[in-house]
Each structure stands twice: as C-alpha cells, then as structure tokens.
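Here is a short note to read beside the structure. Keep the view open and look up each residue as it comes.

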Amino acid sequence: PEARGPFARAVAAAVHDPGQPIRLVASMRDDHYGDLARLPRLLAAFGSPMFVGPMDRVRLRKAFVRPVEARGYRFDDPELVTPLVDALDGSPVALPLMQFCGEQLWERRNEVQRTLPIAELTRGGGLAGVLQATAEGFVRALTEAQRTAVREICLQLVGPDGTRRVVARDQLGQAPDQTKALEALIAARLVVARADLDGTDQVVELAHEALVTGWPRLTRWLEGSRVGRAALSEVEHIANLWVQEGEPNRLLWPMGKAQVTQERVAQVDLRPPPAVQGFLERSVQHHQRRRRLRIAVLAAAGLLLLAVGGLVQRQLRERSLELGNVGRFRVDVQAFDWDPVTGEITPAERPELRWSLHRAQPDWWRGGALPPALRLERDGDVIEASGPALLAVDGRGADGRTCAPSVIPVDLPGYAERGTPR
C-alpha cells in the first residue's frame, strides 16, 4: 500500500510528459476499479476507460481449445468440451476456473497419444469439480494441526471484500505447522509464492480467484470467520505501521478496542500475524500499566485520607464516650440454690440464666415494670455502657424449676475506669 502513491505519480508524470509523451494501455479487474478513486492522478492518466464484458460461450470455447491445439494436443473426447464450457458461461470466475483446470489436465496429459483426459475431468464434476476435488484431496491428506494452519493461512489470503490478498510470507507466522502447511499449499499449486515488486521480500497469494467461490470448504471458513477477519483486516495496517515506526506508544490502540479485537479474532480461531499480535498485546499491557499507576496514586491518596479521617473519627468517638461517661466492664452472674427449711445455700448445677441491664430511674420501684433495656456495645466479653443501671436476672435449674426474676441495682464503672475493665 505504501508504494501506490509514488507509483501513481510516476505513471502520471510519464503520461503527461510533453517532451516524451507515451501512450498508456492498462487493464484491471472491474472489482478493483473503485480503488482508483484513492489515486486521482493515476485515474486522470487513464483518460476514458473501456469496459470489457465477460466472454460468451463461443469465446470461452476458443480460449479453452486453441492453446491445446497450438501444442499439438487434443481432448480425448471432444464432445465433452461444449457442456463444460457452457457450465462456465456467465460465471464471474470463468477464466480463473478454466486456467486452473487446464493446468490440471496438462499435468495428466498422455504424451504418447498427445491427448488431455477431459473424460476424467467430466467424471470429477467439471471444472469446478476438479478445483474442489484437488483442494479437498489436499486438505484430507494433512494432519489436524496442518489442516488448522491451512485454514488460518487461507483466511489471511482473502480480504474482507472476498477477493485475493497479497501477503508478505513472514506475516503468516513462523510456527513449524504454519511453515509446513504453507509449503504444502505451494506444492499443491493452491498458493503461489513470488518476489515482491522490489525483489527484496517474498509474498504469497491464492493461486486462483476461483478458489474463493469454487471451494466450498473455504467458503464455509470465510462465512464462519467474517467478524474476526474484518477485525484482523482493520488492525493489520496500523500494526505494520507501528512496527515500521519503531513500536511507539503513541500509535497503540485503547485497551478496550484492543481487547475486543483479540476476542473477535480468538472466537474464530485465527492466529494473527506476529506484528498484529505484538501490537494488540502491547496496547493492552501499556494501558494496564497506566491504569495500575493511576490506581496506585489514587490508593495512596485514599490511604492518606483514610488515615486522617480515621484519626478524626477516633478522636470524636473518645470525646463522645467521655461526655457520656461510658465505662467498660464484664458481667459475671452465678446461681445458687437456697433451702428454705435449713437455710442452706449451695451452688446451682448447670443453671440456665438470662440477664439484662436497664436504665435505673428514680421511681422504678413504684411502677412495677422494668425500664427499657440499655443498648450495649460488646467487644468479646467486655461490655460498654453507662450507669447507674438495674441488673435483671432470671433462669431455670437443672431440675427444671424456675426462679423468680431478681432485680439488683448496680453502679456501672465510668469513663475514667475504661483502661481496666472490671
């Protein structure tokens, strides 16, 4: 992509050079004609385009038969040529399909009889059938790991618009299973490898556009990975630029966007190219480090505020306890049995006792009912409250007999005695 601009300017300059004008004749597929809108100088250099429609069945037959005749060969059953060509009439990938199957027939030629086995081609389902059978036979011969790698490679060689992509070979990964799968694809002539325009790096692409639409397995792979491939296509350009610029942090994506892209690619089991994987991982790690730093600063500030706030709160509480004369104490109640005949007092066996503290009021003896119970603060067996108070106790002995409630006035310790609970 980075060479398009300089190339377009060079071509436009050559066409419009008044000293040495040249006539430029160029051809391109119609599905790429829209790309010229991004290269206005090159578009202007083309002048008025002439659109060439698809071949009709007569021209398709000539394109299929005449190269064979020119080499002194013939088809083993000439009558089968017409139905095969008719099947291609109107197909947008007629010529790529014809080219691919012509190569398959030429490899299976009978050099003694100088014939091409078109009857065998017909039994295999025609031109599209040969393409499908060749690709399927290739996939079935692979190991499971290689088959997964073939899927990853093929998906990267098809763009979001459903057309072939030219990809640098080192962008397809260097894992052993990926390397073996790519070599196998090249050996099967399903993928071609060649040098790029300047001859410094090797690029690869699908051998024929017809593979995209004529191979059902690849079609299913493409349909099932549409979201992941779109996400991968979006990030590839910025990831490559990030690597070329020396991996600066200013080009990294927000963490949320990078994580969503990782999830979408992972959902369809795509292994992103090393540059993309590094870019996404660095984007997440960079923002995670920044977030941890912000959290650490906020936590330090929060701890400082908590420390100051805690100190103030403790001081206020101590002042409140002092004003309320709240002391700290323990309650230890023991039960005894009293024999009214002998007057003997003995400790009770396994008594069940209940006690409560109530606010002492001057006239509580006259009312007959105890005042409301005090609200007690407990710290283990230590109780906080302020007096004076009434201790009410009732319970039941081991023999099931109950005793009448006892109410005892008590003077609870105050704030001055909080240091040593009693």
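1. Residue classes first. Ala, Val, Leu, Ile, Met, Phe, Trp, Tyr, Cys and Pro count as nonpolar; Asp, Glu, Lys and Arg count as charged; the others, Gly among them, count as polar. By these classes, the lining of the largest cavity has four nonpolar, three polar and three charged residues.

2. Ground rules. This is a predicted model, where local features need pLDDT of at least 70, side-chain atom pairs count only at pLDDT 80 or more, and totals for chains, interfaces and linings use all residues. Residues are numbered from 1 along each chain as its sequence is written, and side-chain values use heavy atoms, leaving out hydrogens and water.

3. The cavity. The structure holds one cavity of 30 Å³ or more. A cavity is a set of points, on a 1 Å grid over the protein atoms alone, where a 1.4 Å probe fits but cannot get out; lining residues have an atom within 4 Å of a point. The largest cavity has a volume of about 60 Å³, a volume being the space filled by probe spheres set on the points, with grid points joined across faces, edges and corners. Leu155, Pro160, Arg229 and Glu236 are among the residues that line the largest cavity. The largest share of its lining, four residues, comes from α12.

4. The chain. There are 15 helices and 13 strands. These are DSSP runs, numbered from the N terminus: helices are H or I with at least four residues, strands E with at least two. Buried residues make up 33% of the 422 residues. Buried means under 20% relative accessible area, with a 1.4 Å probe and protein chains only.

5. Helix α4. Which residues of helix α4 (residues 81-88) are buried? They are Val81, Leu84, Val85 and Leu88. Seen down the axis of α4, these buried residues fall within an arc of 95°, so they line one face of the helix. The arc is that of the directions from the helix axis to the C-beta atoms. Gly90, with a positive phi near 90°, follows α4.

6. Val81. Val81 counts as buried because its relative accessibility is 1%. Contact means heavy atoms within 4.5 Å. Leaving aside residues up to four places away in sequence, Val81 touches Arg61, Phe64, Val65, Phe75 and Ile118.

7. Thr134. Thr134 sits in helix α7 (residues 126-140). Its relative accessibility is 17%, so Thr134 counts as buried. Not counting residues up to four places away in sequence, Thr134 touches Phe100, Gln104 and Arg108.

Conventions: Buried means under 20% relative accessible area, exposed over 50%, partly exposed in between (1.4 Å probe, protein chains only). On a 1 Å grid over the protein atoms alone, a cavity is a set of points where a 1.4 Å probe fits but cannot get out, and a pocket is an open set with protein on both sides within 12 Å along at least five of seven lines; lining residues have an atom within 4 Å of a point.
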